[in-house]
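Please view the sequence and the model together before turning to the points below.

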Amino acid sequence: MKWIIGAFLHETNNFSVVSTDLDAFRAQTFKTGDEIIEWARGTETPIGGFIDSIEERGDLIITTAAAAATPSGLVTRDAYDTVSNTILNGISRHQDADGVLLDLHGAMMADGIDDGEGHLLKKIREIYNPNRPVVVVLDLHSHVTHKMLTHATMLIGYQTYPHTDTYERGVEAAGIIARIAEEKISPVYAVEQPLILPPCSTCNTQSGLYSSLWKEALRSHRPAGILSTSLFAGFPHADHPDAGFTVLSYATDNATAKNETDHLSEILMKRRAEFRYSPTSIPDAVAQAISSPQKPVIISDMSDNPGGGSSNDSVEILKELLRRNQADAAVATIYDPETVKSAIAAGVGNPIAARLGAKTDRLHGTPLDIKAVVENLVDGRFQYKGPMTRGAWGNMGQTAVLNIAGIRAIVTSERIQARDPEMFRVCGVEPATIGILVVKSAVHFRAGFKDIAGKIIVADGPGLTAADLTLMPYKRIRRPMFPIDDI
Ligand SMILES: [Zn+2]
């Protein structure tokens, strides 16, 4: 058999002023044709799962495009059309393929297109045999839309946050599409979209309500007719009319699918108060970190998480560490290409003075005037070695390690979530030996840092990914939406 594969991932925070052009994709991932296989084979990603499964069966792979950029503002129409058309052209040239397997995010917005994935799936249906399956793996931070549900044969969401099961979902999708193509199963779905939009930090699947819901969804005694259930938590850092929770079940018959979504939605509604969040201020977070006997303490700078579209350049926690004379600390990452250029011009071992951070907008605090020593300069390429997307490559861009009164600041030329210890190590900083590590990540860091973290503290500062969603100027989401509104 013959399968078309592609990947197009962007989580769009349309509150961000940073537009997402083709260069933003090129900086992280933009591959076409056979280079996709080279790039993705052996990686713990959905597309890595597609490739392994298809090759194991001895089937044929048709590659199209694989593109991913760090979350940020709207995708430019040029970037959206370039990647989409590469996927569409690949499909139109291979009408005889038995199915299409896609690795998409589910929260992509482009200029003039609210529903990036639904729009692409509709276009695919316009050119591809309507009787052949199109199966999509989605991030659990998806806005699941009517268009996506209508034009995909099946949507399969990640089951873990941190997302450590992306490869398994790719394998699952590649297995299920073969059963559909061979007419062994014919899935139908039921969906419930209650008015709940949880802050990301309350959706860690290691504990809490979201974890209980998943346990129930995947219980061993669930009805035999269920083929797949997804619990999409939604993506709260976007002003999108379909933002919110989605309970989606595919089954062999309508009644089984509906009973399952009803059952899970009932638990969700009953226990929704567990999605309320209590913030910890930056001064409190730093004070707790200093007094903790368990080291290293990881402070999550959740409100400035570039993994959710923040600017990646807040220096508010760094300021508090300096104010408290806390030298045994490191911060990853601070996006500031201008300061990196100054560091390169000065050279390793030399002093620089710079105005650091908070250059993107006025929503991530204020800059910090520093005097520092350039401790290291690296090209910023690294391979993820933690349990999330192990084997895939990341790019911080040209990167400078600055020593600011003893604190190591990893200053980058690309925006990227600090979710893997490797991002410290390629800079010559061994994270396990440092007392306080500040990471710009909301939840994903918990996977990569779990073996070295003595204690984890989540700090709430200014930023576009703040957990207090009442701060966001939403205009288009459905209301009342819990926990922003009381329902
Ligand atoms: Zn996600």
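The model is predicted: local features need pLDDT of at least 70 and side-chain atom pairs count only at pLDDT 80 or more, while totals for chains, interfaces and linings use all residues. Residues are numbered from 1 along each chain as its sequence is written, and side-chain values use heavy atoms, leaving out hydrogens and water.

**Overall fold**
- The protein chain contains 14 helices and 19 strands, which are DSSP runs (helices H or I, at least four residues; strands E, at least two) numbered from the N terminus.
- Along the principal axes, its C-alpha atoms fill a box of roughly 65 × 50 × 40 Å.
- Of contacts (heavy atoms within 4.5 Å) between residues at least 6 apart in sequence, 75% join residues at least 24 apart.

**Burial**
- Of the 487 residues, 62% count as buried, meaning under 20% relative accessible area, with exposed over 50% and partly exposed in between (1.4 Å probe, protein chains only).

**Glu35**
- Glu35 lies in helix α2, which spans residues 35–40.
- Glu35 counts as partly exposed because its relative accessibility is 38%.
- The C-alpha atoms of Glu35 and Thr64 are separated by 10.0 Å, and the two residues are 29 residues apart along the chain.
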